[in-house]
Amino acid sequence: MLVETKAHVGVFAIALGAYLPQFPTLVPEFEQQYADFTQPRPAPVALGDGGIVTTKELSMAAGDKFRAADVDLVILQLLTYAPSYNTLPAVRDLNVPVVLVNVQKKKAPDYANTDTPTWLGELYACGAVGEMVADLERAGKRHAVITGVVEGGDPQVQAEIEDWCRAAQVRRRFRDTNLAQIGRPYPGMMDLYIDETNLYNRMFLYTKQFDWEKMWAIADNITDEAAIRAKAQDILDTFDIEGGGTIEKVWDMAKYVVAFEQWVKDEKIAFIASHYDGFAQGKAGVLDSMLIPAFSMLIKQGVACAVEGDIKVSMAMSILKTIAGCGQLSEMYSIDFDEDICIIGHSGSGDADISEKKPTMKIVPVFHGKTGGGYLTQFYPHLGPVTYLGITQDKDGHFKFVVAEGVNEPGPIFTFGDTNMRTRFTCGAREFCNRWSEAGPTHHMAAATGRHIDTILKVAKIFDVPVDIITR
């Protein structure tokens, strides 16, 4: 990604302190289990190590470390029984979920040869989990439980932990990077309007405002011809261009992409929501004509670029890009009632990582509903499972996720230059349209290849926002 971030994850373990002097062999046993548990997590993650907690004081010290690390998530390993005072002081002052990892070392007891320290150290599938959840609930803390076994490996446990780390990465990306709003939302699309202060307070995302005059001049000082040529080749490698493509044909576009990449790094931008409603003349017309493929090149590198000034869908695109590897701007296009299929897509910038074949670029004399004309890009989303994510708000400004899973099926699609896909939903096209619309989303959503609702639910728990699941 052009702008890298690392999730901050606090990790600690708990055990009852009274056991340790009674059964001294538990000390090296627990130390080894914790060392194995805290082996490097999936990148990009920075661990905040709270150690093995056996007293209230150690729990408070772990909490100090977590606050200093500004953690996005806390993962707690339950080594054996422990009272809740080992947990609560560490998380009392945090507003992030606590994931309780209840993993037993051995698959099954050797009943005849199990003594008390062996039971407590290797076979205690912690009865403390319920106690921890009860007190986290009373403390108003969000929580989740993962149960499994160490012996023989447990892919399900590992997958769950990796999912939580990806979800935490979303929060860190929102906290550490910025959103660039260029221009303003499309006039009259009131579902897209947003209060940037509320956005920052609820979702941690800071908005930087930019005028188009700055964007028109952004490439004026780009003189490195080798960098421009390399980027031009990257564009040709990414797109099939109608009428054939050459370095010279995309030279100006490449120059702007190089400039935008540097701007993104300098301003630490991971989200862009833009809309241009001017006269598209002179330098304004040049940039406007090539902005769609230029922003597509940024999306390819992890910057969520949304058309029509839609900040909320840029957030949805970024969430899916982070957890699924792709995030494509979409909206309901049409329904094929004969096939019971929803046609879903959008004109404008797109994500090459969702395309099963090389996307195409073509010139049109007019962008429908918008100023000017120029390059359109069409992407060809993979067939098979697909996830849609919309982000909306209620009357009090609270955010909500709206999600659905379906299947992209083969068949005819529109060919006028816009990305579109044929999605079948288990509830049927008519009912999907009813349910999705009743959830009150904006008219945009993001799409990603694969099934990702379970990970989105983790993201929602980290941000403390509700989720409407339409169908899966």
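Select strand S1 (residues 7-14) and strand S3 (residues 73-78): they pair in the parallel sense over six bridges. Two strands count as paired if DSSP finds at least two bridges between them; strands (E, at least two residues) and helices (H or I, at least four) are DSSP runs, numbered from the N terminus. Within this pair, pick Ala13, whose bridge partner in S3 is Gln77.

The model is predicted, so local features need pLDDT of at least 70 and side-chain atom pairs count only at pLDDT 80 or more, while totals for chains, interfaces and linings use all residues. Residues are numbered from 1 along each chain as its sequence is written, and side-chain values use heavy atoms, without hydrogens and water.

Now widen the selection to the open sheet of five strands, which run in the order S2-S1-S3-S4-S5 with parallel pairing. Strand S2 (45-53) and strand S5 (143-149) are the edges, each pairing on one side only.

Next, show helix H2 (residues 26-37), which packs on the sheet and touches S1, S2, S3 and strand S4 (98-104); contact means heavy atoms within 4.5 Å.

Finish with two loops. Asp70 lies between helix H3 (56-69) and S3; its phi is near 50 degrees, a positive value in a residue other than glycine. Phe204 lies between helix H8 (196-203) and strand S7 (206-210) and has a positive phi of about 70 degrees, although it is not a glycine. Most residues other than glycine have a negative phi.

Technical notes: Axes fitted to C-alpha atoms, helices over the stretch in contact; angles between N-to-C directions.
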